[in-house]
Amino acid sequence: MNEIADFVNSGIRLTTPILFAALASMISARAGVLNLAIESKVLAGAFVGILVAGATGNNLLGVASAAAAGALIGLLLAAAHRLGVDLVVLAIGLNILVLQLTVYLMRSYLGGVGTYSPGIDRIPPVVVPVLSDLPVVDQVLARLNWIVYLGGALVVLVALYFRTRSGRHLLAVGEAPVAAASAGLDVGRTQLVALVAAGAIAGVGGAFLSVGDLGLFTRNMSGDRGWIGITAALLALNRPAFVAPAAAVFGFASAASIRLQQFDVPPNLTQFIPQGAAFIALVVVGLRAKSRRDVSRLWRRSSRIPLRWPGRRPSTPVPTPVGTVHDAPPAPPDHSDR
Amino acid sequence: MNRERVERILRRVGLPLTAVLVALVVGAVLVAALGRSPVDAASTVIQAGFSCGADYCNLGGSLALASPIIFCALGAVVSLRTGLFSIGQEGQYALGGLAAAVAGYGIVLPAGLDPVVCLAAAAAVGALWGVVPALLKAFLAVNELIITIVLNAIAGLLLDFLVNYPLRAEASTVGYTHAIHESARLPVFDVSTKFGVAFVLAVVACVLVWFYLGRTTAGYEQRMSGEAIAFARYSGMSSVGSVLRAGLVGGALAGLGGGVQVLGTNYRVIEGFSDGTGLTGLTAAILGGTTALGAGLVGVFYAGITVGAVNGLQIVLGVPREIGSTVLALMIVFLAAQAPLLTRIERTISRRRVDRDLARGGTDAIAPVAHKPGARS
């Protein structure tokens, strides 16, 4: 019984950062932006969070600045998106930049070669009034701080938000930016808000790693959790209802891989399961999208060539309304060759 | 050669160059903030990355490191130019390297033939892994970017599993495969840096990819599928075929990258072989303007800066070696940012010119011209 409670506890703690990253990825994707910079947002959040928490001794301030750091990267992405910068290239650059810059700064100013440990108190676990006194449940809830509960609350909040007026606008912008713009929505501003919010959420996920769970910062602390979060959001088909279970599949799979090592079960074997599930989910979505072409646009938007199937989608030129950032107006003829 | 043309060339070279310079300036500020001279730092990097002495040749080390990066970069070039935005080079590199290691240990052949067979195995496995996203994209419209993220993760897990269990050589803390036979090793010119045939192969591959994309019909079809899909389709080219070829060729090249790393430098595969070389190659391809020759040059540059930052900066000046990769990442960010700026500037200029011509009463301003603005930014 203890074993199981312990397993559930570590599973929840491993799920939390993935859940934050997955939420960030989902919000960006639903607003119509393929956001591959989640990894850098998580890492920046982890770094800035521990830096501020160590300097001020205030964990809450640390988490808040982690959110601000993530939001700043989100703002950068939104600005670049508006200018028409290739977000994929930019995101790859940002991921490498944050990874290398955090290590550079840590080695230069914080005196650590691979680890920075300011000796802060970790965020204390939440004591739930009745449940924390029960025999098994207390073990499950041990070491779970408020960021874990925040993650759960955010899932509900995002799900509810998608049902509000402004949430519907966000979904509309993501699915058909041109139509949304002609209906009077400000596409650029909606996407900016979505990217900033996604950045802040991913940053808090990073702060959970450094300030919340371990109380230290290590090189590449995010350890691909941003990418896993993106995959988890895909496994959830970018739906709020499935995000938590999808993130849990990844989190519990890595918890299981740690447990199973003592029985000499290959640790990465369990991690295949969520990745394989994500692969199958993507293929299934592809199969579905083939019959429902509208959905596939959402997936294809980022890719350079829209491989259209012959005989579909008449290509009548759509007049570009003011405020869209997607379709730039046709360039005037270039006479520089003469 | 008129003034407009000169101005355009200046713009198209000048703006990316400015982006690179800005990245260097930011790097210099970071170094200066530590109290070290940026000029010293730069000269140390160049010294430690690109110089060649009598006893130890730094340049050889850089070129040896550059070989797998160049292969991965070429794989990325072939994919990107065809419009297959695959970031799967990492997984193809990992599995290609593993295939070379398995073939190098499992098959015994004469010295001349053995590396060829091993490299063929690496290329075949890389191509197989590379054609998966292409197939999914062509027939199911699955986003290749997203699926390659998953495929990279699966390849990394698969490699670590195979190296730790079925292919493990001996009980140790870190899993590794058996070393390949002597006959399977790629010859080296310089034993201390392992600079050898691997780099020659990378250069040959560079030229071949340039020739394939620029001078053959198949390569032309691929480029047109990437740059002007409507034109490609109207002229009867098969965009599906192009994408599949891009997946196969790009995957084979990245797989060869893993192959030369194993046959030329490591001689076995250790756990964690998938260490970001494929991603480095992808960024080198982007920095090189997704051209074969550019990718090769940037690959060497990239390796030199990495070697220079590790051997020079950190040991001589005490500046953390991460500054090298930081500056390279800054270059990617700024280069990405300047591309739309260039398009905007060119658009404004040509609009002004048309306005001016119209104001002057000329009718030739409206005449159509067969030039596509900003096709390759």
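This is a predicted model: local features need pLDDT of at least 70, side-chain atom pairs count only at pLDDT 80 or more; totals for chains, interfaces and linings use all residues.
Reader: What does the secondary structure of chain B come to?
Author: This chain has 377 residues, of which 54% count as buried. Its secondary structure comes to 13 helices and two strands.

Reader: Why is chain B said to be as compact as a globular protein of its length?
Author: The C-alpha trace of chain B spans about 85 × 60 × 35 Å along its principal axes. For 377 residues the globule rule gives 21 Å. The radius of gyration of chain B is close to that value, so the chain is as compact as a globular protein of that length, at 23 Å.

Reader: What share of the contacts in chain B with a separation of 6 or more comes from residues 24 or more positions apart?
Author: The count takes in contacts in chain B with a separation of 6 or more. Within that set, residues 24 or more positions apart account for 78%.

Reader: What distance separates the end C-alpha atoms of helix α6 of chain B, and what should the helix span?
Author: Helix α6 of chain B covers residues 144–164, which is 21 residues. At 1.5 Å a residue it should span 30 Å. The distance between its end C-alpha atoms agrees, at 30 Å.

Reader: How are helices α7 and α12 of chain B oriented, parallel or antiparallel?
Author: Helix α7 (residues 197–215) and helix α12 (residues 292–317) of chain B have axes that come within 8 Å and cross at roughly 155 degrees. Angles over 145 degrees count as roughly antiparallel. That makes the orientation of α7(B) to α12(B) roughly antiparallel.

Reader: Which residues make the contact of α7(B) with α12(B), and how do they divide into nonpolar, polar and charged?
Author: From α7(B) come V203(B), C206(B), V209(B), W210(B) and L213(B). From α12(B) come A292(B), L293(B) and G296(B). These residues divide into seven nonpolar, one polar and no charged.

Reader: Which residues does A232(A) touch, not counting those up to four places away in sequence?
Author: A232(A) lies in helix α10 (residues 225–235) of chain A. It is buried, with 31 other C-beta atoms within 10 Å. Its C-alpha atom is separated by 9.2 Å from that of M26(A), 206 residues apart along the chain. Beyond four places in sequence, A232(A) touches I18(A), A22(A), A246(A), A247(A) and F250(A).

Reader: Where does N220(A) lie, and what is its phi?
Author: N220(A) lies in the loop between β2 (217–218) and α10 of chain A. With 15 C-beta neighbours inside 10 Å, N220(A) counts as partly exposed. Although N220(A) is not a glycine, its phi is positive, at about 50 degrees.

Reader: Is N238(A) buried or exposed?
Author: N238(A) is placed in the loop between α10 and α11 (240–260) of chain A. Its phi is positive in a residue other than glycine, near 55 degrees. With 21 other C-beta atoms within 10 Å, N238(A) is buried.

Reader: What percentage of the residues in chain A is buried?
Author: Chain A contains 13 helices and two strands. Residues 24 or more positions apart account for 75% of its contacts with a separation of 6 or more. Of the 338 residues in chain A, the buried ones make up 51%.

Conventions. Residues are numbered from 1 along each chain as its sequence is written. Chains are lettered from A and ligands numbered from 1 in the order in which they are written. Helices (H or I, at least four residues) and strands (E, at least two) are DSSP runs, numbered from the N terminus. The radius of gyration is taken over C-alpha atoms; the globule rule is 2.2 Å times the number of residues to the power 0.38. A residue is buried if 20 or more other C-beta atoms lie within 10 Å of its own, exposed if 12 or fewer, and partly exposed in between; C-beta atoms are placed from the backbone. Two residues are in contact if their C-beta atoms, placed from the backbone, lie within 7 Å. The expected span of a helix is 1.5 Å times one less than its number of residues. Axes are lines fitted to C-alpha atoms, for helices over the stretch in contact, and angles run from 0 to 180 degrees between N-to-C directions. Angles under 35 degrees count as roughly parallel, over 145 as roughly antiparallel, 65 to 115 as roughly perpendicular and the rest as oblique. Ala, Val, Leu, Ile, Met, Phe, Trp, Tyr, Cys and Pro count as nonpolar, Asp, Glu, Lys and Arg as charged, and the others, Gly among them, as polar.
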